[in-house]
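Me: I would like to learn how to read the features of a structure. Please show me the model and take me through it.

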Amino acid sequence: NRKMLSYGKYLVGRYQEFQKGDSQKAGDFKYIAIHNALKREFKGDWKLLPSGRFDELVVFLQRRIDNTKVGRINRARSISNYHSFAEHT
């Protein structure tokens with residue numbers, strides 16, 4: 001499903017964007033770490049997951065985004081870290 005794939009890419013991009021905002025973490029690993037975490041969690045390429053596991057993917061990515069330094073600061077200020085799937089489509 002292209003819409004689901006697009007939203008997954010959006011969430012991965014948000015995670016990477018929020019990691020850029022964390023000056024305490026150095027190097028390029030902080031950008032590729034999400035891909036490694038996705039492979040571990042879903043036992044392969046997240047882009048090939050069946051659509052029935054989409055909600056699981058979204059929860060995983062949103063939790064990771066919310067747990068970044070920028071994400072925690074935003075939540076404390078009641079700032080949204082990402083938009084919903086419905087808003088994305």
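Reply: Start with the aromatic cluster: ring pairs link Tyr7, Tyr10, Phe54 and Phe85. This is a predicted model, in which local features need pLDDT of at least 70, side-chain atom pairs count only at pLDDT 80 or more, and totals for chains, interfaces and linings use all residues. Residues are numbered from 1 along each chain as its sequence is written, and side-chain values use heavy atoms, with hydrogens and water left out.

Me: How is an aromatic pair described, and how many aromatic pairs does a search of the whole structure find?
Reply: A pair of aromatic rings is described by the distance of the centres and the angle of the planes. Rings of Phe, Tyr and Trp (its six-membered ring) pair if their centres lie within 6.5 Å; planes under 30 degrees apart are stacked, over 60 edge-to-face, and the rest tilted. The search of the whole structure finds five pairs. Take phenylalanine 42 and phenylalanine 60: the ring centres are 5.7 Å apart and the planes stand at 85 degrees, so this pair is edge-to-face. Phenylalanine 42 belongs to helix α2 (residues 29-42) and phenylalanine 60 to helix α3 (residues 54-66), so the pair ties together parts 18 residues apart in sequence.

Me: Are phenylalanine 42 and phenylalanine 60 buried or exposed?
Reply: Both are buried. The cut-offs are under 20% relative accessible area for buried, over 50% for exposed, and partly exposed in between (1.4 Å probe, protein chains only). Of the 89 residues of the chain, 36% count as buried.

Me: How do I read a helix, and which residues of α3 are buried?
Reply: An α-helix has 3.6 residues a turn, so residues three or four places apart point the same way. In α3 the buried residues are Phe54, Leu57, Val58, Phe60, Leu61, Gln62, Ile65 and Asp66. Check the span too: the expected value is 1.5 Å times one less than the number of residues. For the 13 residues of α3 that gives 18 Å, and the end C-alpha atoms are 18 Å apart, which agrees.

Me: What does glutamine 62 touch?
Reply: Glutamine 62 touches Tyr7, Leu11 and Tyr82, not counting residues up to four places away in sequence. Contact means heavy atoms within 4.5 Å. Glutamine 62 has a relative accessible area of 18%, so it is buried.

Me: Where is serine 84 found?
Reply: Serine 84 is in the loop between α4 and α5, and counts as partly exposed at 30% relative accessibility. The C-alpha atoms of serine 84 and tyrosine 7 are separated by 8.7 Å, although these residues are 77 apart along the chain.

Methods
Helices (H or I, at least four residues) and strands (E, at least two) are DSSP runs, numbered from the N terminus.
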